[in-house]
Amino acid sequence: MKGLILSGGLGMRLRPLSYAMPKQLVPVANRPVLDYVVENVRRLGVSEIGVVAGDWGPQIAAAMGHERFGAKITYIPQDRPRGLAHCVQVARDFLGQDDFAVWLGDSLLLDGVGEIAAEFTQARPAAQVVVSKVTDPRQFGVAELGPDGSVQRLTEKPGEPRSDLALTGVYFFTPAIHQAVGAIVPSARGELELTDAVQWLLDHGHQVTASRYEGFWQDAGRPADVLACNRRVLAGLAGAIGGQVDGGHIRGQVVVETGATVRRSTLQGPVLIGAGSVVEDSHLGPNVSIGRCCRLAGARLSDSIVLDEAVITAPHLLTGSLIGRGATVGRTSWDAGHRLLLSDHADVTLPTLQAGPRP
């Protein structure tokens, strides 16, 4: 079985961060989202992985390389996002006549799907979808199951869902899917939908099954989703102090990587500080990951991700924040007011001014 990871999306919900980097390389606990996906696909026993990428292909290849976790990675270009089924089309030569797993490049199923993959390998239905119960199915592709658990219908982002079982972005296929992908037409939004291709299999008498996933699943497509993933991964880290820590207080699960320096600071775990970073007179945590070669002085952060080489010297509490690569968050006097330099679609929240004397 081969693996096919779909990483050609534009990441519009992660703007402005995704203007500068593909959403699949946004870090969770200092590892790209895509790294977790590749690792999970490799754990299925897959040794050949294709990654469909658009304009960000060279940057993704530079970050991930051509071999990861012992698996060979082939990068497959896509001229522009044309739908998930189109990704299967452009990967046709790579896939050949092999069975394969499809995994969306920003879909994190951190507990793995090894047992589900074994079910597919044994039964070999034309398609096997992985579903999970959600509170608002309108945001996802939705699977309707019969009384015996068989798939009866798939609908992409229905306005009035008839099921609360969402497609997680993980699929298993035999080569039968290639005929289906070639038979469908673009949807109302102009894309070749993978749900339509699976529905075509159903309509033409092919066996399609569904397996329920009960573990942690998050579509890391929005800032809040990325932060949720970060919290989940940080919670599983074992504390380790490899860098230099002088003074201050450390509580809970804290990782200070080799080459990092912490002085006179309070770290309330879970906290991860990347190699080469310097943290002074700061209060970090809980649920904070600091990238590599950052500089923090007098900073206060909780539930946040700071990417490589960022500088934070403002004393204001930052929470629920994503700070981009090389970004600067500085301080100024009270009278100077706030200074903002924002890209398109930025999201900034400022505290309400309180009456009273100025500091």
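Set aside the neighbours within four places in sequence, and Glu-144 still touches Ser-150, Val-151, Gln-152, Arg-153, Thr-155, Arg-162 and Ser-163. Keep in mind that this is a predicted model.

**Glu-144**
- You'll find Glu-144 in strand β10, which covers residues 141-145.
- Glu-144 has a relative accessible area of 11%, so it counts as buried, the cut-off being under 20%.

**Strand β9 and its two partners**
- Strand β9 runs over residues 127-133, and six of its seven residues are buried, so the rest of the structure largely encloses it.
- With strand β12 (residues 165-173), β9 pairs in the antiparallel sense over six bridges.
- With strand β13 (residues 208-212), β9 pairs in the parallel sense over five bridges.
- Gln-128 is a handy residue to look up here: its bridge partner in β12 is Phe-172, and in β13 Gln-128 stands opposite Thr-209.

**The open five-stranded sheet**
- Five strands make up an open sheet with parallel pairing, in the order β17-β20-β23-β26-β29.
- At the edges sit β17 (249-251) and β29 (317-319), each pairing on one side only.
- Within this sheet, strand β23 (residues 283-284) pairs with strand β26 (residues 300-302) over two bridges, in the parallel sense.
- To spot that pairing on screen, look for His-283, which stands opposite Arg-300 in β26.

Notes
Residues are numbered from 1 along each chain as its sequence is written. This is a predicted model: local features need pLDDT of at least 70, side-chain atom pairs count only at pLDDT 80 or more; totals for chains, interfaces and linings use all residues. Side-chain values use heavy atoms; hydrogens and water are left out. Helices (H or I, at least four residues) and strands (E, at least two) are DSSP runs, numbered from the N terminus. Buried means under 20% relative accessible area, exposed over 50%, partly exposed in between (1.4 Å probe, protein chains only). Contact means heavy atoms within 4.5 Å. Two strands pair if DSSP finds at least two bridges between them.
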